[in-house]
Every structure is written in C-alpha cells, then in structure tokens.
Amino acid sequence: MQRSQLEYPIRTTGLTKIFDDRVVVDQVELNVRSGEIFGLIGPNGAGKSTLIKMLTTLLPPTRGEATVAGYDVRREARGVRSHIGYVPQLLSADGALTGYENLLLSARLYLIPRRERAARIKEALAMTGLADASDRLAQHYSGGMLRRLEIAQSTLHRPTLLIMDEPTVGLDPMARDAVWDHIRDLRKRFGTTILLTTHVMGEVEALCDRVGILHRGRLEKLGTANELKAEIGPNATLDDVFVHIVGEDAGKTEGYYDVRQARRSVTAHE
Ligand SMILES: Nc1ncnc2c1ncn2[C@@H]1O[C@H](COP(=O)(O)OP(=O)(O)OP(=O)(O)O)[C@@H](O)[C@H]1O
C-alpha cells in the first residue's frame, strides 16, 4: 500500500487526551489534506502541543483514533515516525555542532544511505540559504537560521508530512518571512503536507490553506481564513474570529517573545 500518497495524511476521530482528570484534548476530528499547509491556533494551554505529540507518537492518546501518513499512531508508531518530520517548540539543533554536522547527524538518524548523504545535505543547505554558514557552530546562528536548520534536519528524509510547533516564535519579520518561504518551497518541490501551530494570525493568513481553532481541547472551528471571517461579518479579521471563539482566553495568547528565551538548549553548550 502506497500510504504516502494518501488523500489525508492526518485523520483523527474522537482523539482525546486526559491528564489525571483533566481533558486536555477533547474528541478532536481532524482531516488534513495531502499537500496542504494547515495551521492550528489556540490560546496558551488550548492543547495544541499535546495534540501534536499524539500525532507524532510521543504521547499515547487516552481515547480515539489517529492515522498519520496512513499509519496508526498507537499500533504503527514506527511507520508514523519514518514518514514524518517534526520540529518541536524547543530547540532541537545541537549548538556545539556546525550546521553541516547537525545535518549529518539527522541523515544518519533517518537512515539515509551513506552515498546519498552529502548530496542531500548540500541540497538542504542551498534550499535554506545556509550553505555559507554550514561550517559555523549552530550556537552562533541567529534564531531564524536555527529554525531553518531544524526544518532542513527534519525534512532530509523527504517526509510525507512535516509537523512544526510554532516554527516562527520569536523571529523578527525578515527571519519569519524566510522560514515561510522555505515552508512553501518544501510543499512546492516535494508536495510535503504541513501542519503547524502558531499564535500569530498573520502567519495563518499568509501561509495556511486552512486553519483550525483549538479552545480548551476542542476543535471549535475549521476552514479557510476567508470562510471563518465571512461567518463573523463582512469586515471581520481573523483576530475577530479568534476572540469570538475563545472569548476572554484570547488574553492568554502570547505574541512574539525572544527565541533564545524560549529555546534554551543551544546555550547549554555555550
Ligand atoms: N504531561 C502533562 N501532564 C499534565 N498536564 C499537562 C501535561 N502536558 C500538558 N499539560 C497541560 O495540558 C494543557 C495543554 O497544554 P499544551 O502544551 O498542549 O497547550 P498548548 O496549546 O500547546 O499551549 P502553548 O501555546 O502554551 O504551547 C495545559 O494546561 C498543560 O498544563
């Protein structure tokens, strides 16, 4: 079965996570289409990261079903893992290694044959605009360069699906635009399906084909940005939609904050 050519690389039914007695993800029904860039938004604590962790097999669901790249997250975790790329919220690049060495490590991790590694890494460096910085230690990279390196690391094996938890948090507008361009490029070149979480409405408008609004664990709305806005009124913004759905919890939504504060592990090597 060619699972990588599925119509829906992500399908969930009644997906639920309960920590102790607390329902953190509540019966989520989500179908992400092949080749789409899907944005998941929600206030802090809405359950976005928990949902992503279930999809990436890092957390077992309490109830419900999910297939990712055609594999069941509970029973076929290895299949899921080998067909996805995952960029977590916290820094995953190793600051004590160069950009090239980080990519080589990922190439080994993803079992890319030795004879293909150098070409794959060269292509990834060119795509992310990091070729000139490949011999520098990652701890000297800017926040935007680190993010692009991490995306390159997590897509070296050409995954069907790339899942990113807040890929542009803390980045300045130029660095953010470069990450967006890279995400679009991945979709264009390889047909990669992309699921990302964000707090930034502009990111959803600029980048995402469809958006889901998660509030207190429930997927309250799903559609294109224009569809969601049209439901509220003729001149509504996505912010209006968000406030309409999450109410006072909108205040719990962070905007930008410093990438180095949010992602400390690179400094652990300094
Ligand atoms: N391992 C855990 N044990 C108990 N509670 C947890 C655990 N992980 C997350 N939670 C709780 O689940 C809720 C949802 O957390 P989650 O990180 O999924 O939200 P989020 O939408 O990603 O928020 P943020 O935007 O702040 O990253 C939070 O209240 C959090 O405290």
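Which strands make up the open sheet with antiparallel pairing, and in what order?

**Entry 1: ground rules.** I am working with a predicted model, where local features need pLDDT of at least 70, side-chain atom pairs count only at pLDDT 80 or more, and totals for chains, interfaces and linings use all residues. I number residues from 1 along each chain as its sequence is written.

**Entry 2: the open sheet.** I looked up my opening question and found 4 strands in the order β2-β1-β4-β5, paired antiparallel. Strands here are DSSP runs (E, at least two residues), helices are runs of H or I of at least four, and both are numbered from the N terminus. Two strands pair if DSSP finds at least two bridges between them. The edges are held by β2 (22-32) and β5 (71-72), each with a single partner strand, so one side of each has no neighbour in the sheet. I then checked β1 against β4 (residues 63-68) and found 5 bridges in the antiparallel sense. Arg11 stands opposite Thr67 in β4.

**Entry 3: a parallel pair.** Next I turned to β6 (residues 84-87), which pairs with β7 (residues 161-165) in the parallel sense over 4 bridges. Gly85 has Leu162 of β7 as its bridge partner. Ile84 and Tyr86 point one way from β6, Gly85 and Val87 the other way, and all are buried (20 or more other C-beta atoms within 10 Å of the residue's own, with C-beta atoms placed from the backbone).

**Entry 4: the annotated span.** I found that the unreviewed UniProt entry carries the annotation "domain: ABC transporter" over residues 10-241. In the model, the end C-alpha atoms of residues 10-241 lie 25 Å apart, and the span is 39% helix and 26% strand.

**Entry 5: confidence.** The chain averages 88, and 91% of the residues score at least 70. Among the elements, β1 (residues 10-19) has the highest mean pLDDT (98) and helix α10 (residues 259-262) the lowest (41). Over residues 255-270 the pLDDT is below 50, yet I noted 29 contacts there beyond near neighbours in sequence (C-beta atoms, placed from the backbone, within 7 Å). The model scores ipTM 0.96 and pTM 0.88.

Note on methods:
A residue is buried if 20 or more other C-beta atoms lie within 10 Å of its own, exposed if 12 or fewer, and partly exposed in between; C-beta atoms are placed from the backbone. pLDDT is the predictor's confidence in each residue, from 0 to 100. Two residues are in contact if their C-beta atoms, placed from the backbone, lie within 7 Å. UniProt positions are given in the numbering used here, feature names are shortened, and annotations may be inferred rather than shown by experiment.
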